[in-house]
Amino acid sequence: MKKIYRACKICKRLTYDSVCPVHGEEKTREDWFGFLIVNNVNSIIANKANIAEPGMYAIKVRS
Ligand SMILES: [Zn+2]
C-alpha cells in the first residue's frame, strides 16, 4: 500500500498520521497541495508561511 502524506489544517505540517502530532485532536486531511520543505526557519518563505519549526509542510489545505 502506498503511503500518502496528510496535512494538518492548523499548522500545515505533513504527516502520515491521521491526527496532527502537534495539535493532538486535529484530524489531518488528504486534500492539500503545494509541497514546502523548511530547513531554515529564518528564511523569508518560513516567515511568510508562519513556520517556526523545520520540516515538511503543505502550502494549502482544504477543509
Ligand atoms: Zn497541526
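This is a predicted model: local features need pLDDT of at least 70, side-chain atom pairs count only at pLDDT 80 or more; totals for chains, interfaces and linings use all residues.

Analyst: You'll find Asn50 in the loop between α1 (44-48) and β4. Its phi is near 60 degrees, a positive value in a residue other than glycine. That stands out because most residues other than glycine have a negative phi.

Now hop over to Lys12, where phi is near 65 degrees, again positive in a residue that isn't glycine. Lys12 also belongs to a loop, the one between β1 (6-7) and β2 (14-15). Its surroundings are another story: Lys12 counts as buried because it has 21 C-beta neighbours inside 10 Å.

Who does Lys12 touch? One contact is Val61, which, leaving aside neighbours within four places in sequence, also meets Ala7, Lys9, Arg29 and Trp32. Val61 takes us into the largest nonpolar core, a set of nine residues that also includes Ala7, Leu14, Trp32 and Tyr57. Strand β4 (residues 55-61) gives that core its largest share, three residues.

Stepping back, the protein chain has one helix and four strands, in the order β-β-β-α-β along the sequence. Its radius of gyration is 11 Å, close to the 11 Å that the globule rule gives for 63 residues, so the chain is as compact as a globular protein of that length. Buried residues make up 21% of those 63.

Note on methods
Residues are numbered from 1 along each chain as its sequence is written. A nonpolar core is a set of buried Ala, Val, Leu, Ile, Met, Phe, Trp, Tyr and Cys residues joined through C-beta atoms within 7 Å. A residue is buried if 20 or more other C-beta atoms lie within 10 Å of its own, exposed if 12 or fewer, and partly exposed in between; C-beta atoms are placed from the backbone. Helices (H or I, at least four residues) and strands (E, at least two) are DSSP runs, numbered from the N terminus. Two residues are in contact if their C-beta atoms, placed from the backbone, lie within 7 Å. The radius of gyration is taken over C-alpha atoms; the globule rule is 2.2 Å times the number of residues to the power 0.38.
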